[in-house]
Amino acid sequence: MKRQDMLKEIRDYSGFWDVIIIGGGATGLGAAVESASRGYKTLLLEKYDYSKGTSSRSTKLVHGGVRYLQQGNVSLVLEALRERGLMIQNAPHLCRNQAFIVPNYDWWGGPFYGVGMKVYDMLAGKLGLGPSKILSREETIKRIPTIEAEGLRGGVIYYDGQFDDSRLAVNLAQTAVEQGATVMNYMNVTGLLKSKDGFTSGVKVTDTINNDDYELNAHVVINATGVFTDSVVKMDNPDAKPMVQPSQGIHIILDKEFLPGDSAIMVPQTDDGRVLFAVPWHDKVVVGTTDTAVDSIDYEPRAFDEEIEFVMTHAARYLNKDPEMKDVRSVFAGLRPLVKPQDDKGTSAISRDHTLLVSESGLVTITGGKWTTYRKMGQDTINQAALVAGLESRDCVTENMRIHGWVKHQDTTDPLHLYGSDAPGVRKLYAENAQLEQKLHDDLPYIKAEVVWAARHEMAMTVEDVLSRRTRAILLNAKASIETAPEVARLLAAELGYDEAWQKAQVDAYTKLAEGYTLS
(Lines give C-alpha, C1' and ligand atoms only; values in the text may rest on other atoms or scores of the structure.)
Protein backbone atom coordinates (compact mmCIF):
# COMPACT_ATOMS: atom_id res chain seq x y z
CA MET A 1 0.00 0.00 0.00
CA LYS A 2 2.08 2.86 -1.35
CA ARG A 3 0.68 6.36 -1.77
CA GLN A 4 2.57 7.04 -5.00
CA ASP A 5 1.07 3.91 -6.56
CA MET A 6 -2.42 4.96 -5.47
CA LEU A 7 -1.88 8.46 -6.83
CA LYS A 8 -0.76 7.08 -10.19
CA GLU A 9 -3.98 5.06 -10.42
CA ILE A 10 -6.01 8.24 -9.92
CA ARG A 11 -3.98 10.22 -12.48
CA ASP A 12 -4.09 7.44 -15.08
CA TYR A 13 -7.83 6.75 -14.81
CA SER A 14 -10.12 9.13 -16.69
CA GLY A 15 -13.38 7.18 -16.56
CA PHE A 16 -16.12 6.94 -13.96
CA TRP A 17 -15.37 5.20 -10.69
CA ASP A 18 -18.22 2.93 -9.67
CA VAL A 19 -18.02 4.16 -6.06
CA ILE A 20 -16.21 7.08 -4.46
CA ILE A 21 -16.19 7.06 -0.65
CA ILE A 22 -15.45 10.21 1.35
CA GLY A 23 -13.99 9.38 4.77
CA GLY A 24 -11.28 7.00 5.94
CA GLY A 25 -12.59 6.03 9.36
CA ALA A 26 -14.18 2.74 10.36
CA THR A 27 -17.33 3.32 8.31
CA GLY A 28 -15.63 4.45 5.12
CA LEU A 29 -13.01 1.71 5.27
CA GLY A 30 -15.68 -0.92 5.89
CA ALA A 31 -17.60 0.36 2.86
CA ALA A 32 -14.41 0.32 0.74
CA VAL A 33 -13.69 -3.32 1.60
CA GLU A 34 -17.33 -4.20 0.92
CA SER A 35 -17.42 -2.37 -2.42
CA ALA A 36 -14.07 -3.60 -3.73
CA SER A 37 -14.73 -7.19 -2.70
CA ARG A 38 -17.89 -7.13 -4.85
CA GLY A 39 -15.78 -6.09 -7.82
CA TYR A 40 -16.86 -2.45 -8.04
CA LYS A 41 -14.17 0.06 -9.06
CA THR A 42 -13.72 1.81 -5.73
CA LEU A 43 -11.91 4.95 -4.56
CA LEU A 44 -11.67 6.05 -0.92
CA LEU A 45 -10.56 9.61 -0.07
CA GLU A 46 -9.50 10.65 3.44
CA LYS A 47 -8.82 14.30 4.30
CA TYR A 48 -6.05 13.51 6.79
CA ASP A 49 -5.04 10.00 7.81
CA TYR A 50 -6.95 6.74 8.22
CA SER A 51 -8.90 6.83 11.52
CA LYS A 52 -7.52 10.28 12.36
CA GLY A 53 -10.89 11.27 13.80
CA THR A 54 -13.25 9.31 16.04
CA SER A 55 -12.12 5.88 14.85
CA SER A 56 -8.74 6.02 16.64
CA ARG A 57 -10.25 7.38 19.87
CA SER A 58 -12.58 4.60 20.98
CA THR A 59 -12.69 2.66 24.25
CA LYS A 60 -10.93 -0.15 22.32
CA LEU A 61 -13.89 -2.52 22.78
CA VAL A 62 -15.60 -4.93 20.40
CA HIS A 63 -18.89 -5.25 22.20
CA GLY A 64 -22.57 -5.91 21.89
CA GLY A 65 -23.44 -2.96 24.09
CA VAL A 66 -24.59 -3.86 27.57
CA ARG A 67 -26.21 -0.46 28.07
CA TYR A 68 -28.25 -0.83 24.86
CA LEU A 69 -29.68 -4.01 26.34
CA GLN A 70 -30.54 -1.98 29.43
CA GLN A 71 -32.28 0.55 27.15
CA GLY A 72 -34.28 -2.26 25.53
CA ASN A 73 -32.66 -1.98 22.09
CA VAL A 74 -32.43 -5.74 21.60
CA SER A 75 -32.10 -5.54 17.79
CA LEU A 76 -28.95 -3.38 18.04
CA VAL A 77 -27.47 -5.74 20.65
CA LEU A 78 -28.21 -8.78 18.49
CA GLU A 79 -26.57 -7.20 15.46
CA ALA A 80 -23.55 -5.99 17.44
CA LEU A 81 -23.02 -9.36 19.14
CA ARG A 82 -23.06 -11.11 15.78
CA GLU A 83 -20.62 -8.58 14.30
CA ARG A 84 -18.44 -8.88 17.42
CA GLY A 85 -18.04 -12.58 16.71
CA LEU A 86 -17.23 -11.98 13.04
CA MET A 87 -14.71 -9.25 13.88
CA ILE A 88 -12.79 -11.51 16.27
CA GLN A 89 -12.98 -14.33 13.72
CA ASN A 90 -11.76 -12.17 10.80
CA ALA A 91 -9.01 -10.18 12.58
CA PRO A 92 -7.76 -12.40 15.45
CA HIS A 93 -4.34 -10.70 15.43
CA LEU A 94 -5.99 -7.46 16.62
CA CYS A 95 -9.20 -8.57 18.36
CA ARG A 96 -9.44 -10.89 21.34
CA ASN A 97 -11.72 -12.07 24.11
CA GLN A 98 -11.74 -9.93 27.24
CA ALA A 99 -13.19 -10.83 30.64
CA PHE A 100 -15.21 -8.03 32.30
CA ILE A 101 -16.28 -7.93 35.92
CA VAL A 102 -19.19 -5.88 37.24
CA PRO A 103 -18.39 -5.24 40.93
CA ASN A 104 -21.43 -5.31 43.21
CA TYR A 105 -21.72 -3.16 46.30
CA ASP A 106 -25.50 -3.62 46.73
CA TRP A 107 -27.27 -6.78 47.85
CA TRP A 108 -29.42 -6.84 44.70
CA GLY A 109 -26.60 -6.13 42.25
CA GLY A 110 -25.37 -9.70 41.82
CA PRO A 111 -28.72 -11.32 40.96
CA PHE A 112 -29.84 -8.31 38.87
CA TYR A 113 -26.76 -8.12 36.66
CA GLY A 114 -26.32 -11.89 36.71
CA VAL A 115 -29.69 -12.30 35.00
CA GLY A 116 -28.93 -9.46 32.59
CA MET A 117 -25.65 -11.01 31.49
CA LYS A 118 -27.31 -14.39 30.96
CA VAL A 119 -29.63 -12.64 28.50
CA TYR A 120 -26.51 -11.12 26.87
CA ASP A 121 -25.00 -14.63 26.58
CA MET A 122 -28.20 -16.00 25.08
CA LEU A 123 -28.40 -13.24 22.45
CA ALA A 124 -24.80 -13.94 21.39
CA GLY A 125 -25.67 -17.57 20.58
CA LYS A 126 -22.98 -19.57 18.79
CA LEU A 127 -20.76 -16.48 18.53
CA GLY A 128 -20.63 -16.09 22.31
CA LEU A 129 -17.21 -15.68 23.89
CA GLY A 130 -17.86 -17.44 27.20
CA PRO A 131 -20.58 -17.92 29.84
CA SER A 132 -21.19 -15.22 32.43
CA LYS A 133 -21.49 -16.13 36.10
CA ILE A 134 -21.84 -14.60 39.54
CA LEU A 135 -18.61 -14.32 41.54
CA SER A 136 -18.14 -14.33 45.30
CA ARG A 137 -16.40 -11.45 47.04
CA GLU A 138 -13.23 -13.53 47.29
CA GLU A 139 -13.29 -14.53 43.61
CA THR A 140 -13.82 -10.91 42.58
CA ILE A 141 -10.83 -9.70 44.62
CA LYS A 142 -8.68 -12.54 43.27
CA ARG A 143 -9.42 -11.52 39.69
CA ILE A 144 -9.08 -7.77 40.40
CA PRO A 145 -6.61 -7.38 43.29
CA THR A 146 -6.87 -3.58 43.14
CA ILE A 147 -10.67 -3.41 43.37
CA GLU A 148 -12.06 -1.29 46.21
CA ALA A 149 -12.83 -3.98 48.80
CA GLU A 150 -14.81 -1.88 51.27
CA GLY A 151 -18.49 -2.74 50.91
CA LEU A 152 -17.81 -5.19 48.06
CA ARG A 153 -20.32 -8.07 48.01
CA GLY A 154 -19.12 -9.86 44.89
CA GLY A 155 -19.30 -9.45 41.14
CA VAL A 156 -20.56 -10.74 37.83
CA ILE A 157 -18.13 -11.85 35.13
CA TYR A 158 -19.00 -11.74 31.45
CA TYR A 159 -17.06 -11.65 28.16
CA ASP A 160 -16.75 -9.14 25.35
CA GLY A 161 -14.01 -8.25 22.89
CA GLN A 162 -11.07 -5.83 22.89
CA PHE A 163 -8.99 -4.54 19.97
CA ASP A 164 -6.61 -1.90 18.61
CA ASP A 165 -8.75 0.52 16.63
CA SER A 166 -6.26 2.43 14.46
CA ARG A 167 -4.27 -0.71 13.67
CA LEU A 168 -7.47 -2.33 12.42
CA ALA A 169 -8.16 0.77 10.32
CA VAL A 170 -4.75 0.44 8.62
CA ASN A 171 -5.35 -3.27 8.02
CA LEU A 172 -8.77 -2.53 6.53
CA ALA A 173 -7.18 -0.04 4.13
CA GLN A 174 -4.69 -2.74 3.13
CA THR A 175 -7.52 -5.26 2.73
CA ALA A 176 -9.43 -2.85 0.48
CA VAL A 177 -6.32 -2.43 -1.70
CA GLU A 178 -5.89 -6.21 -1.89
CA GLN A 179 -9.50 -6.42 -3.10
CA GLY A 180 -8.78 -3.88 -5.85
CA ALA A 181 -9.69 -0.55 -4.24
CA THR A 182 -7.67 2.65 -4.48
CA VAL A 183 -7.33 4.34 -1.09
CA MET A 184 -5.79 7.75 -0.47
CA ASN A 185 -5.01 9.71 2.66
CA TYR A 186 -4.39 13.47 2.68
CA MET A 187 -6.99 14.01 -0.06
CA ASN A 188 -9.40 16.80 0.90
CA VAL A 189 -12.79 16.72 -0.83
CA THR A 190 -13.69 20.37 -1.38
CA GLY A 191 -16.93 19.98 -3.34
CA LEU A 192 -19.28 17.70 -5.24
CA LEU A 193 -19.68 17.49 -9.01
CA LYS A 194 -23.22 17.59 -10.37
CA SER A 195 -24.56 16.47 -13.74
CA LYS A 196 -26.84 18.67 -15.85
CA ASP A 197 -29.88 17.11 -14.21
CA GLY A 198 -28.53 17.83 -10.73
CA PHE A 199 -27.34 14.32 -9.90
CA THR A 200 -24.17 13.92 -7.83
CA SER A 201 -21.57 12.71 -10.33
CA GLY A 202 -18.24 12.99 -8.54
CA VAL A 203 -16.00 15.07 -6.30
CA LYS A 204 -13.55 17.93 -6.35
CA VAL A 205 -10.47 17.04 -4.34
CA THR A 206 -7.11 18.53 -3.34
CA ASP A 207 -4.03 16.42 -2.66
CA THR A 208 -2.71 18.24 0.40
CA ILE A 209 0.71 16.58 0.15
CA ASN A 210 1.42 17.79 -3.39
CA ASN A 211 -1.13 20.66 -3.60
CA ASP A 212 -2.69 19.23 -6.77
CA ASP A 213 -6.41 19.51 -7.59
CA TYR A 214 -8.55 16.85 -9.26
CA GLU A 215 -12.10 16.39 -10.47
CA LEU A 216 -13.06 12.73 -10.22
CA ASN A 217 -16.24 11.23 -11.68
CA ALA A 218 -18.30 8.49 -10.05
CA HIS A 219 -21.55 6.62 -10.54
CA VAL A 220 -22.26 7.12 -6.83
CA VAL A 221 -20.63 9.13 -4.02
CA ILE A 222 -20.80 7.97 -0.39
CA ASN A 223 -20.51 10.37 2.54
CA ALA A 224 -18.94 8.37 5.40
CA THR A 225 -17.37 11.22 7.35
CA GLY A 226 -18.67 10.52 10.87
CA VAL A 227 -18.99 13.67 12.96
CA PHE A 228 -18.21 15.71 9.83
CA THR A 229 -21.23 14.27 8.00
CA ASP A 230 -23.08 17.59 7.87
CA SER A 231 -20.20 19.40 6.14
CA VAL A 232 -20.51 17.07 3.13
CA VAL A 233 -24.31 17.15 3.24
CA LYS A 234 -24.06 20.96 3.00
CA MET A 235 -21.92 20.59 -0.13
CA ASP A 236 -24.85 18.72 -1.64
CA ASN A 237 -27.62 20.94 -0.24
CA PRO A 238 -26.73 24.17 1.60
CA ASP A 239 -30.21 24.26 3.14
CA ALA A 240 -30.07 20.75 4.64
CA LYS A 241 -30.79 20.48 8.36
CA PRO A 242 -27.97 19.12 10.57
CA MET A 243 -28.11 15.36 11.11
CA VAL A 244 -25.41 14.81 13.71
CA GLN A 245 -25.38 15.65 17.41
CA PRO A 246 -21.75 15.18 18.43
CA SER A 247 -21.06 13.80 21.88
CA GLN A 248 -17.58 13.88 23.41
CA GLY A 249 -16.10 10.98 25.32
CA ILE A 250 -12.69 11.02 26.98
CA HIS A 251 -10.32 8.37 28.32
CA ILE A 252 -7.28 8.41 30.54
CA ILE A 253 -4.37 5.98 30.33
CA LEU A 254 -2.83 4.64 33.55
CA ASP A 255 0.02 2.23 34.22
CA LYS A 256 -0.74 -1.48 34.58
CA GLU A 257 -0.24 -1.37 38.37
CA PHE A 258 -3.71 0.16 38.75
CA LEU A 259 -5.30 -2.95 37.20
CA PRO A 260 -2.68 -5.71 37.27
CA GLY A 261 -4.83 -8.70 36.32
CA ASP A 262 -6.24 -9.75 32.96
CA SER A 263 -9.83 -8.77 33.80
CA ALA A 264 -11.48 -5.44 33.02
CA ILE A 265 -13.93 -3.54 35.22
CA MET A 266 -17.34 -2.47 33.96
CA VAL A 267 -19.47 -0.09 36.02
CA PRO A 268 -22.97 -0.10 34.51
CA GLN A 269 -24.23 3.15 36.03
CA THR A 270 -22.08 6.22 36.67
CA ASP A 271 -23.28 9.59 37.95
CA ASP A 272 -24.17 10.75 34.41
CA GLY A 273 -25.85 7.47 33.42
CA ARG A 274 -23.04 6.12 31.27
CA VAL A 275 -21.11 2.89 31.52
CA LEU A 276 -17.55 3.23 32.86
CA PHE A 277 -14.78 0.85 31.79
CA ALA A 278 -11.28 0.18 33.07
CA VAL A 279 -9.67 -2.09 30.49
CA PRO A 280 -6.18 -3.66 30.20
CA TRP A 281 -4.68 -2.53 26.87
CA HIS A 282 -1.08 -2.71 25.59
CA ASP A 283 0.21 -3.25 29.14
CA LYS A 284 -1.59 -0.09 30.28
CA VAL A 285 -5.13 0.61 31.50
CA VAL A 286 -7.75 2.58 29.54
CA VAL A 287 -10.34 4.25 31.80
CA GLY A 288 -13.43 6.00 30.44
CA THR A 289 -15.72 7.35 29.25
CA THR A 290 -17.80 10.51 29.49
CA ASP A 291 -20.77 11.75 27.51
CA THR A 292 -20.68 15.50 26.92
CA ALA A 293 -22.79 17.19 24.26
CA VAL A 294 -20.64 19.61 22.26
CA ASP A 295 -21.46 22.20 19.61
CA SER A 296 -18.08 22.52 17.90
CA ILE A 297 -16.52 19.69 15.88
CA ASP A 298 -12.75 19.40 15.71
CA TYR A 299 -10.28 16.82 14.43
CA GLU A 300 -8.38 17.26 17.70
CA PRO A 301 -11.00 17.57 20.45
CA ARG A 302 -9.62 18.22 23.92
CA ALA A 303 -10.80 16.82 27.23
CA PHE A 304 -12.56 19.33 29.46
CA ASP A 305 -11.33 19.71 33.03
CA GLU A 306 -14.67 18.52 34.39
CA GLU A 307 -14.49 15.37 32.23
CA ILE A 308 -11.03 14.53 33.52
CA GLU A 309 -12.22 15.07 37.09
CA PHE A 310 -15.27 12.85 36.44
CA VAL A 311 -13.17 9.92 35.16
CA MET A 312 -10.55 10.31 37.90
CA THR A 313 -13.25 10.43 40.60
CA HIS A 314 -14.95 7.28 39.34
CA ALA A 315 -11.64 5.46 38.93
CA ALA A 316 -10.82 6.28 42.54
CA ARG A 317 -14.25 5.03 43.62
CA TYR A 318 -13.60 1.52 42.28
CA LEU A 319 -9.83 1.16 42.72
CA ASN A 320 -8.09 0.85 46.09
CA LYS A 321 -5.25 3.04 44.83
CA ASP A 322 -6.60 6.43 43.84
CA PRO A 323 -4.96 7.68 40.61
CA GLU A 324 -3.53 11.17 40.72
CA MET A 325 -2.87 13.58 37.87
CA LYS A 326 0.82 12.59 37.82
CA ASP A 327 -0.20 8.98 37.15
CA VAL A 328 -1.99 9.80 33.89
CA ARG A 329 0.20 8.83 30.94
CA SER A 330 -2.17 10.27 28.36
CA VAL A 331 -5.67 11.70 28.06
CA PHE A 332 -7.56 11.64 24.78
CA ALA A 333 -10.97 12.77 23.56
CA GLY A 334 -13.20 11.55 20.73
CA LEU A 335 -16.50 12.64 19.23
CA ARG A 336 -19.39 10.24 18.63
CA PRO A 337 -21.46 10.88 15.47
CA LEU A 338 -24.87 10.47 17.10
CA VAL A 339 -27.87 11.04 14.85
CA LYS A 340 -30.07 13.85 16.19
CA PRO A 341 -33.22 12.59 17.94
CA GLN A 342 -36.63 14.17 17.56
CA ASP A 343 -36.94 14.91 21.26
CA ASP A 344 -34.66 16.38 23.92
CA LYS A 345 -33.02 13.19 25.14
CA GLY A 346 -29.52 13.54 26.51
CA THR A 347 -26.75 12.15 24.32
CA SER A 348 -26.20 9.16 26.62
CA ALA A 349 -29.72 8.01 25.69
CA ILE A 350 -29.30 8.38 21.92
CA SER A 351 -29.03 5.04 20.13
CA ARG A 352 -25.87 3.99 18.32
CA ASP A 353 -27.91 2.54 15.43
CA HIS A 354 -26.55 3.64 12.08
CA THR A 355 -28.58 5.80 9.73
CA LEU A 356 -28.47 5.55 5.94
CA LEU A 357 -29.93 8.32 3.76
CA VAL A 358 -30.03 9.10 0.04
CA SER A 359 -30.46 12.75 -0.96
CA GLU A 360 -32.46 13.99 -3.95
CA SER A 361 -29.19 14.26 -5.89
CA GLY A 362 -28.21 10.67 -5.10
CA LEU A 363 -25.57 11.38 -2.44
CA VAL A 364 -25.51 8.37 -0.11
CA THR A 365 -24.85 9.28 3.54
CA ILE A 366 -24.06 6.76 6.26
CA THR A 367 -23.60 7.92 9.84
CA GLY A 368 -24.07 6.81 13.44
CA GLY A 369 -23.09 3.28 14.41
CA LYS A 370 -19.93 2.15 16.16
CA TRP A 371 -16.71 0.24 15.46
CA THR A 372 -18.21 -3.17 16.26
CA THR A 373 -20.77 -2.87 13.46
CA TYR A 374 -18.45 -1.32 10.85
CA ARG A 375 -18.75 -4.33 8.51
CA LYS A 376 -22.55 -4.41 8.59
CA MET A 377 -22.63 -0.66 8.02
CA GLY A 378 -20.44 -1.13 4.97
CA GLN A 379 -22.67 -3.93 3.69
CA ASP A 380 -25.85 -1.87 4.08
CA THR A 381 -24.21 1.18 2.50
CA ILE A 382 -22.96 -0.63 -0.59
CA ASN A 383 -26.32 -2.38 -1.03
CA GLN A 384 -27.93 1.06 -1.20
CA ALA A 385 -25.16 2.65 -3.26
CA ALA A 386 -25.37 -0.10 -5.89
CA LEU A 387 -29.09 0.63 -6.28
CA VAL A 388 -28.50 4.37 -6.63
CA ALA A 389 -25.74 3.86 -9.21
CA GLY A 390 -27.50 1.08 -11.10
CA LEU A 391 -24.55 -1.24 -10.58
CA GLU A 392 -24.81 -4.96 -11.18
CA SER A 393 -26.14 -6.64 -8.03
CA ARG A 394 -23.46 -8.76 -6.36
CA ASP A 395 -23.47 -10.73 -3.14
CA CYS A 396 -21.71 -9.67 0.04
CA VAL A 397 -18.60 -11.76 0.76
CA THR A 398 -17.15 -9.94 3.78
CA GLU A 399 -18.75 -11.97 6.57
CA ASN A 400 -15.96 -14.52 6.46
CA MET A 401 -13.24 -12.41 4.81
CA ARG A 402 -9.90 -12.44 6.56
CA ILE A 403 -8.57 -8.96 7.28
CA HIS A 404 -4.99 -8.19 6.22
CA GLY A 405 -2.58 -9.53 8.85
CA TRP A 406 -4.81 -12.49 9.78
CA VAL A 407 -3.05 -15.02 11.99
CA LYS A 408 -5.07 -17.54 13.96
CA HIS A 409 -2.62 -18.42 16.73
CA GLN A 410 0.06 -16.05 17.90
CA ASP A 411 2.25 -15.25 20.87
CA THR A 412 0.71 -12.15 22.45
CA THR A 413 3.92 -11.58 24.42
CA ASP A 414 5.69 -10.86 21.12
CA PRO A 415 5.89 -7.03 20.79
CA LEU A 416 5.18 -7.38 17.06
CA HIS A 417 2.13 -9.64 17.39
CA LEU A 418 -0.25 -6.85 16.31
CA TYR A 419 1.30 -7.00 12.84
CA GLY A 420 0.03 -10.55 12.43
CA SER A 421 1.27 -12.01 9.16
CA ASP A 422 3.33 -8.84 8.53
CA ALA A 423 5.52 -9.42 11.61
CA PRO A 424 8.15 -11.41 9.64
CA GLY A 425 8.43 -8.46 7.26
CA VAL A 426 9.18 -6.10 10.13
CA ARG A 427 11.77 -8.53 11.50
CA LYS A 428 13.42 -8.74 8.08
CA LEU A 429 14.05 -4.98 8.23
CA TYR A 430 16.15 -5.21 11.36
CA ALA A 431 17.78 -8.44 10.23
CA GLU A 432 19.18 -6.39 7.34
CA ASN A 433 19.95 -3.33 9.50
CA ALA A 434 20.62 -4.06 13.18
CA GLN A 435 20.09 -0.42 14.17
CA LEU A 436 16.41 -0.76 13.33
CA GLU A 437 15.97 -3.21 16.21
CA GLN A 438 16.70 -0.43 18.70
CA LYS A 439 13.79 0.83 20.78
CA LEU A 440 12.47 4.30 20.03
CA HIS A 441 12.24 5.05 23.77
CA ASP A 442 12.80 3.14 26.99
CA ASP A 443 9.21 3.83 28.10
CA LEU A 444 7.62 2.69 24.83
CA PRO A 445 7.43 -0.83 23.33
CA TYR A 446 8.24 0.22 19.75
CA ILE A 447 11.38 -0.20 17.65
CA LYS A 448 12.79 1.85 14.77
CA ALA A 449 11.91 -0.82 12.20
CA GLU A 450 8.23 -0.06 12.78
CA VAL A 451 8.71 3.50 11.56
CA VAL A 452 10.34 2.27 8.36
CA TRP A 453 7.61 -0.35 7.87
CA ALA A 454 4.89 2.26 8.37
CA ALA A 455 6.43 4.50 5.71
CA ARG A 456 7.02 1.73 3.18
CA HIS A 457 3.88 -0.36 3.58
CA GLU A 458 1.23 1.52 5.59
CA MET A 459 1.16 4.95 3.92
CA ALA A 460 2.40 6.86 6.99
CA MET A 461 3.23 10.39 5.84
CA THR A 462 3.87 12.30 9.07
CA VAL A 463 5.36 11.88 12.53
CA GLU A 464 1.82 12.02 13.89
CA ASP A 465 0.73 9.16 11.62
CA VAL A 466 3.48 6.98 13.10
CA LEU A 467 3.22 7.94 16.78
CA SER A 468 -0.57 8.28 16.96
CA ARG A 469 -1.96 5.56 14.71
CA ARG A 470 0.65 3.15 13.23
CA THR A 471 1.98 2.82 16.77
CA ARG A 472 -0.03 3.99 19.78
CA ALA A 473 2.81 5.89 21.43
CA ILE A 474 0.82 9.10 22.00
CA LEU A 475 -1.75 7.14 24.01
CA LEU A 476 0.61 4.89 25.96
CA ASN A 477 2.88 7.73 27.08
CA ALA A 478 2.40 11.14 25.51
CA LYS A 479 5.54 12.69 27.03
CA ALA A 480 7.75 9.81 25.90
CA SER A 481 6.28 10.08 22.40
CA ILE A 482 7.32 13.76 22.27
CA GLU A 483 10.87 12.79 23.20
CA THR A 484 11.07 10.25 20.39
CA ALA A 485 9.58 12.54 17.72
CA PRO A 486 12.96 13.78 16.36
CA GLU A 487 14.18 10.25 15.70
CA VAL A 488 10.87 9.30 14.05
CA ALA A 489 11.13 12.42 11.86
CA ARG A 490 14.68 11.48 10.87
CA LEU A 491 13.68 7.94 9.90
CA LEU A 492 10.62 9.15 7.98
CA ALA A 493 12.57 11.82 6.14
CA ALA A 494 15.08 9.21 4.97
CA GLU A 495 12.23 7.05 3.63
CA LEU A 496 10.13 9.82 2.07
CA GLY A 497 12.90 12.05 0.77
CA TYR A 498 12.48 15.12 2.96
CA ASP A 499 15.08 17.56 4.31
CA GLU A 500 15.95 18.82 7.79
CA ALA A 501 13.52 21.73 7.54
CA TRP A 502 10.69 19.24 7.06
CA GLN A 503 11.92 17.26 10.06
CA LYS A 504 11.91 20.33 12.28
CA ALA A 505 8.43 21.36 11.14
CA GLN A 506 7.16 17.84 11.81
CA VAL A 507 8.66 17.71 15.31
CA ASP A 508 7.25 21.14 16.17
CA ALA A 509 3.78 20.21 14.90
CA TYR A 510 3.76 16.87 16.71
CA THR A 511 5.03 18.36 19.97
CA LYS A 512 2.24 20.93 19.96
CA LEU A 513 -0.32 18.20 19.26
CA ALA A 514 0.97 15.71 21.87
CA GLU A 515 1.20 18.30 24.63
CA GLY A 516 -2.60 18.36 24.50
CA TYR A 517 -2.57 14.69 25.58
CA THR A 518 -0.58 15.39 28.74
CA LEU A 519 -1.66 16.65 32.16
CA SER A 520 0.52 19.11 34.05
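This note sets out points on the strands, helices, nonpolar cores and backbone geometry of the predicted model.

1. Basis of the note. The model is predicted, with local features requiring pLDDT of at least 70 and side-chain atom pairs counted only at pLDDT 80 or more, whereas totals for chains, interfaces and linings use all residues. Residues are numbered from 1 along each chain as its sequence is written, and side-chain values use heavy atoms, with hydrogens and water left out.

2. Strands 8 and 9. Helices (H or I, at least four residues) and strands (E, at least two) are DSSP runs numbered from the N terminus. Strand 8 (residues 187–194) pairs with strand 9 in the antiparallel sense over seven bridges; pairing requires that DSSP find at least two bridges between two strands. Within this pair, Met187 stands opposite Asp207, and Asn188 is opposite Thr206. The hairpin has five residues between the strands, and Gly198 there takes a positive phi near 85°.

3. Strands 9 and 10. Strand 10 (residues 212–223) runs antiparallel to strand 9 and is joined to it by six bridges. Gly202 stands opposite Asn217 in strand 10. The two strands form a hairpin with four residues between them, and Asn211 in the turn has a positive phi of about 60°.

4. Buried denotes under 20% relative accessible area, exposed over 50%, and partly exposed the range in between (1.4 Å probe, protein chains only). Seven of the eight residues of strand 9 (residues 200–207) are buried. Strand 8 is also mostly covered, with six of its eight residues buried.

5. Helix 7. The 14 residues of helix 7 (residues 165–178) should span 20 Å at 1.5 Å a residue, and the end C-alpha atoms are 20 Å apart, which agrees; the expected span is 1.5 Å times one less than the number of residues. Helix 7 is largely enclosed by the rest of the structure, because 12 of its 14 residues are buried. Among the buried residues are Asp165, Arg167, Leu168, Asn171 and Gln174.

6. Nonpolar cores. A nonpolar core is a set of buried Ala, Val, Leu, Ile, Met, Phe, Trp, Tyr and Cys residues joined through side-chain atoms within 4.5 Å. The largest core has 64 residues, of which Leu45, Leu168, Val183, Val203, Leu216, Ile222 and Trp371 touch the most other members. A second, separate core of 44 residues includes Ala423, Tyr446, Ala489 and Leu492.

7. Ile222 and Ser35. With neighbours within four places in sequence left aside, Ile222 is in contact (heavy atoms within 4.5 Å) with Val19, Ile20, Ile21, Ile22, Val364, Ile366, Thr381, Ile382 and Ala385. Ser35, in helix 2 (residues 26–37), counts as buried because its relative accessibility is 0%. Under the same exclusion of sequence neighbours within four places, Ser35 is in contact with Val19, Tyr40, Thr42 and Ile382.

8. Helices 13 and 16. The axes of helix 13 (residues 463–470) and helix 16 (residues 500–515) come within 9 Å and cross at roughly 40°. Axes are lines fitted to C-alpha atoms, for helices over the stretch in contact, with angles running from 0 to 180 degrees between N-to-C directions. Val463, Glu464, Leu467 and Ser468 of helix 13 meet Gln506, Tyr510 and Leu513 of helix 16. By class, four nonpolar, two polar and one charged residues make up this contact; Ala, Val, Leu, Ile, Met, Phe, Trp, Tyr, Cys and Pro count as nonpolar, Asp, Glu, Lys and Arg as charged, and the others, Gly among them, as polar.

9. Backbone geometry to inspect. Most residues other than glycine have a negative phi, and most peptide bonds are trans. His282, in the loop between strand 13 (276–281) and strand 14, has a positive phi of about 50° and is partly exposed at 26% relative accessible area. Met459, in the loop between helix 12 (448–457) and helix 13, has phi near 60° but is buried at 1% relative accessibility. The peptide bond from Gly288 to Thr289 is cis, with omega near 20°; Thr289 lies in the loop between strand 14 (284–288) and strand 15 (292–293).

10. Asn237. This residue lies in the loop between helix 8 (229–236) and strand 11 (244–255). Asn237 counts as partly exposed, at 32% relative accessibility. The C-alpha atoms of Asn237 and Glu360 are separated by 9.3 Å, although the two residues are 123 residues apart along the chain.
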